[in-house]
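Have a look at the structure first.

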Amino acid sequence: MKKLMALVAASLFALAPLTPIQASAQDATDTLAQIKQAGVIKVGMADSIPAQQKNPMSGEWEGFNVDMAKNLADALGVKLEIVDTTWSTIIPSLMQKQYDIAMVDMFRTPARAVTVDFTDSYMTTGNTWLVGADVDVTDWKQLNDPKYTVVSIAGMAAVAQSDRLLPNAQKKTIVSDNAVAGQLEVAAGRASAHLSDLLQNALFMKANPNAKVRVLGADTPIEATGYAYAVRPGDYHFLSFLNTWIAYNTTTGFISDKKMAWYGIK
């Protein structure tokens, strides 16, 4: 009898009309299906050396995330279209559906996760402080003083992080498409310090050996976290595919090979 009742209940459930919540789930956007149907994946990118930048000779995008985007397009069997954007508009433009995914080295932060969904991390790093050579501090916590000015680039996670870590320091936020604009402000003496991921600060020091700057705590990055890509919220099929794609390319060594090629690290 119990089996019969269970069968009847299952039949009634199968024939029942969808509730509003069920209907909403089925009507949800399936970006993956739309990409396959269009035959192209649109990827938003903002300049950041060497993660993604335009070759000055060819004008074509190149870098770690460009290779990742090409691999993603190949995995989907579609063409790749890179859409130019800026750091300050990369999330708003994603939400306005100007592209399917934002593929830049982006920290997964709660503030950003309120607006977008993040993939699993494909790389773990952390932040360090770049300071002027004449800034007389030995520990970054000493920068928490009104006599020091901290510069940040609008749209980057370091804006809120700098406010939280150094509430008493003066703040200067600039709008720029140049990912090393903060480092350049410090090198020019227009700011005391800039918070950036250890990779960017190390690469800036390497590319500008005569710059009057130094890095505090290079061996102990602050609040190590992962880089991830961003998609519009609620598209769980697309997000699940991307996480599977990242896990697969971690296993095959593709990501490690590209990290070595572009960042010089495994």
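## T31 and its surroundings

Setting aside neighbours within four places in sequence, T31 is in contact (heavy atoms within 4.5 Å) with D100, R232, D235 and F238. This is a predicted model, in which local features need pLDDT of at least 70 and side-chain atom pairs count only at pLDDT 80 or more, while totals for chains, interfaces and linings use all residues. Residues are numbered from 1 along each chain as its sequence is written, and side-chain values use heavy atoms, with hydrogens and water left out.

T31 is found in helix α3; helices (H or I, at least four residues) and strands (E, at least two) are DSSP runs, numbered from the N terminus. With a relative accessible area of 4%, T31 is buried (buried means under 20%, exposed over 50% and partly exposed in between, using a 1.4 Å probe and protein chains only). The C-alpha atoms of T31 and V231 are separated by 9.5 Å, although the two residues lie 200 apart along the chain.

## The largest nonpolar core

A nonpolar core is a set of buried Ala, Val, Leu, Ile, Met, Phe, Trp, Tyr and Cys residues joined through side-chain atoms within 4.5 Å. The largest one here has 31 residues, of which I41, I101 and M103 touch the most other members. Elements giving two or more residues to this core include α3 (31-38), β1 (40-45), β5 (101-107) and β12 (222-231). The most comes from α4, with seven residues.

## Helix α4 against helix α10

Helix α4 (residues 64-76) packs against helix α10 (residues 236-252) at an angle of about 115 degrees, with their axes 11 Å apart. Axes are lines fitted to C-alpha atoms, for helices over the stretch in contact, and angles run from 0 to 180 degrees between N-to-C directions. The contact is made by M68, N71, L72, A75 and L76 of α4 and by F241, L242, W245 and N249 of α10.

## Two positive phi angles

Most residues other than glycine have a negative phi. K97, in the loop between α5 (90-95) and β5, has a positive phi near 65 degrees, and K97 is exposed at 56% relative accessible area. E223, in strand β12, also has a positive phi, about 50 degrees, and is partly exposed at 39% relative accessibility.
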